[in-house]
Amino acid sequence: MQWVKVLGGVVGAAALLGLGIIVGHFAIPKGADSPAPSASASQDLDLKILETVMEQLDANRIRENLRELSKEPHLATSPRDEALVQLLLQRWQDPESGLDSARTTEYEVLLSFPSKEQPNRVDVVNSTGAVLFSCRQSEENVTGEQGGPDVVPPYAAYAPPGTPQGPLVYANQGSEEDFKKLQKEEVKLQDSIVLTRYGGVGRGAKAVNAAKYGVAGVLVYTDPKDINDGKSLPNETFPHSWCLPPSGVERGSYFEYFGDPLTPYLPATPSSFRLNSDNASGFPPIPIQPIGFEDAQVLLCNLGGKLAPADWQGGLGCDYNLGPGFRSNGIFPEDGQVNVSVHNRLELRNSSNVLGIIRGAVEPDRYVLYGNHRDSWVHGAVDPSTGTAVLLELSRVLGTLLKKGTWRPRRSIVFASWGAEEFGLIGSTEFTEEFFSKLQERAVAYINVDISVFANATLRVQGTPPIQSVVFSAAKQISAPGSSGLSIYDNWIRYYNRSSSVYGLVPSVGTLGAGSDYAPFIHFLGISSMDIAYTYDRSKTSARIYPTYHTAFDTFDYVDKFLDPGFSSHQAVARTAGSVLLRLSDSLFLPLNVSDYSETLRSFLQAAENLRALLEQHNISFGPLVTAVETFEGAATSFNQRIATLREGTPDPLQVRMINDQLMLLERTFLNSQAFPEERYYSHVLWAPRTGSVATFPGLSNAYSQAENTGHEPAAWAEVQRQLSIVVAALEGAAATLRPVADL
């Protein structure tokens, strides 16, 4: 059951590596019938193997994978979700295209579901309680796929049960600033029901912010201005275009953190301590329920009160007013109220991760991880099945080469299908908690391919700076879909680019937040991570994400007709991610460039210069930060020079191992578990959430913003100094990690 058992003792690697290199715990079962090619300690990336993999990744197979994966709803822990667990096991245990081993790990986790006996409701009622209007409880069945018994009705996962009732107020996106503006306009919020639109802040934050102002309940909808470029009529939306139909409702988790709510920092195994759900934090404080924009239109277009600001207006074809209550010439009485009835329940459920292992020939104790979650809210064709379809095709091609005995990677590859991601990255987080020490010691990198295709215009990559070079190398060697004749790299640079002080014009690589399963790997474990996808042309749409996100309209036909006809973008992602995977698993020297962190640090330092004068007024010296950045830059340059020198010769295995370990461990040096005590799992001092306005080191920016708002409060400025010291210590530690290992 446990991954530890998969990673059993390996013999023979020590003899291959020599010089006392410690081996890991991956092992092929004794009955494995895949002979390994003769391994050599100097094994490097085989370009012929790479080319073979690129050629064999088949768009039609990806398409058929997606058809199978998305043919039924597969909410986490549902029977269909468990059936997909068995499908993955069957594929990864196939005698002709399977991996060395495959198995599941199971966790008992707290999930949230709507009640079948008491469906959630949103009604407009008059002063006597008579129902005047009811919002839809399910989406319109426009293709025959939205009305099945396994389609979970729209709900806000982890929203508490309750039946609040009050006058309606429009609160834009439900941000802290939005509520302050309402307060300034003297709009009464106490005991009201607020209507908010998706975007701006996280789902759960809307309820947290509302509760601070005495709001009784929250409604959330997707405005066609934000998702459909203003289109809202049935004949303008799916199935006639990629736009969200009027009845479409975005489901989602409203839990503030990630991981199982009852076992923070502990794996949700049977023996683990669990919080009482009444004492667990991170749940919305008041009832909240999502609705479609056709129902939001009825509510908003009849709302009274002052006209909402221009930037609060949307695409429903009427003026948005603030409320409270309805207008005198509308369809509802002025004193009409909105009743929100939420009957969600919490349940402990068993959720499975599926792990597929290819043991490394030379360094079996170094792991390159490639993951994607499996669960969806409904059919989940785009999210997450485009990613799982690619995962299955990539593992099939590599498994076939493995079974033929023509290839085995230098390092071990771990494929993962995470469970219960939609409820808060639960499967991946529990995995990182259970194998925290092993992963920190041995994981080289984590590749995440969740939604592999948002649309078919260009590649989009998010990641930590050292992964930039390996992604660029892969993208330059693969042709972009279509007839442009460009590489994926050259096509990418047309859509998203930045000016680099080192390289000139390059594609933009985004930073990693907490939107998918990479979050625990980078923020909690400090493992170099990336997220790879194809996406849309931002000049042609203002949609904040693909329009049918988390709705019952996210189906196979939606992908096949509108996102990627022919599945060439899926194939492009498979080739890009596959090339990155092979380069990380097979290259003699890990293709991570530590100097690419220097640009980030220099930009953070330049932004921090804006704080310098005020810092020094409070006797906080800026000099150590400048010195620390310069020290890191020097160490990174020297480190790259040492690698270049070794490449020119014939390095012995221990020299290679030491360099690679320095490359692998650099990201860990930026962790400080005490840096953000108010945040759960966030310990990376460069990539933690930044709430301050200055785009610099997040802890420093946040503390400075807080201190500036409190005036001359000594404790606030002491926290600024503490955060600056944390950054300096991390940078000094990172520089020390890059120096020759004999230099203590």
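How many bridges pair strand 12 (residues 345–358) with strand 14, and in which sense, parallel or antiparallel? The views below are taken from a predicted model, and the answer is given in the legend to the first of them.

**View 1. Strand 14 and its two partners, strand 12 and strand 13.** Strand 12 (residues 345–358) pairs with strand 14 in the antiparallel sense, over five bridges. Within this pairing, Ile358 has Ile413 of strand 14 as its bridge partner. Strand 13 (residues 363–373) runs parallel to strand 14 and is joined to that strand by eight bridges. Here Asn372 stands opposite Ser417 of strand 14. Strand 14 itself spans residues 411–418 and is mostly covered, with eight of its eight residues buried.

View 2. Strand 8 (residues 217–221) and strand 10 run parallel and are joined by three bridges. In this pair of strands, Val220 has Pro290 of strand 10 as its bridge partner.

View 3. Buried residues of helix 7 are Arg203, Gly204, Lys206, Ala207, Asn209 and Ala210. The elements against which the buried residues of this helix pack are helix 6 (176–184), strand 7, strand 8, strand 9 (252–253) and strand 10. After helix 7 comes Gly214, which has a positive phi, near 80°.

**View 4. The packing of helix 18 with helix 20.** The crossing of the two helices is left-handed. Helix 18 contributes Tyr597, Ser598, Leu601, Arg602, Leu605 and Ala608 to the contact. From helix 20 come Leu625, Val626, Val629, Glu630, Phe632, Glu633 and Ala636. Divided by class, the residues of this contact are nine nonpolar, one polar and three charged.

**View 5. The packing of helix 22 with helix 23.** The axes of helix 22 (residues 698–710) and helix 23 (residues 714–738) are 8 Å apart, and the helices pack at an angle of about 165°. Helix 22 is therefore roughly antiparallel to helix 23. Their crossing is left-handed. On the side of helix 22, the residues that meet helix 23 are Gly699, Leu700, Ala703, Tyr704, Ala707, Glu708 and Thr710. Their counterparts in helix 23 are Ala716, Trp717, Glu719, Val720, Gln723 and Leu724. The contact of helix 22 with helix 23 has eight nonpolar, three polar and two charged residues.

Terms used:
Residues are numbered from 1 along each chain as its sequence is written. This is a predicted model: local features need pLDDT of at least 70, side-chain atom pairs count only at pLDDT 80 or more; totals for chains, interfaces and linings use all residues. Side-chain values use heavy atoms; hydrogens and water are left out. Two strands pair if DSSP finds at least two bridges between them. Helices (H or I, at least four residues) and strands (E, at least two) are DSSP runs, numbered from the N terminus. Buried means under 20% relative accessible area, exposed over 50%, partly exposed in between (1.4 Å probe, protein chains only). Contact means heavy atoms within 4.5 Å. Axes are lines fitted to C-alpha atoms, for helices over the stretch in contact, and angles run from 0 to 180 degrees between N-to-C directions. Angles under 35 degrees count as roughly parallel, over 145 as roughly antiparallel, 65 to 115 as roughly perpendicular and the rest as oblique. A crossing is left-handed if the near helix is turned anticlockwise from the far one by less than a right angle, and right-handed if clockwise. Ala, Val, Leu, Ile, Met, Phe, Trp, Tyr, Cys and Pro count as nonpolar, Asp, Glu, Lys and Arg as charged, and the others, Gly among them, as polar.
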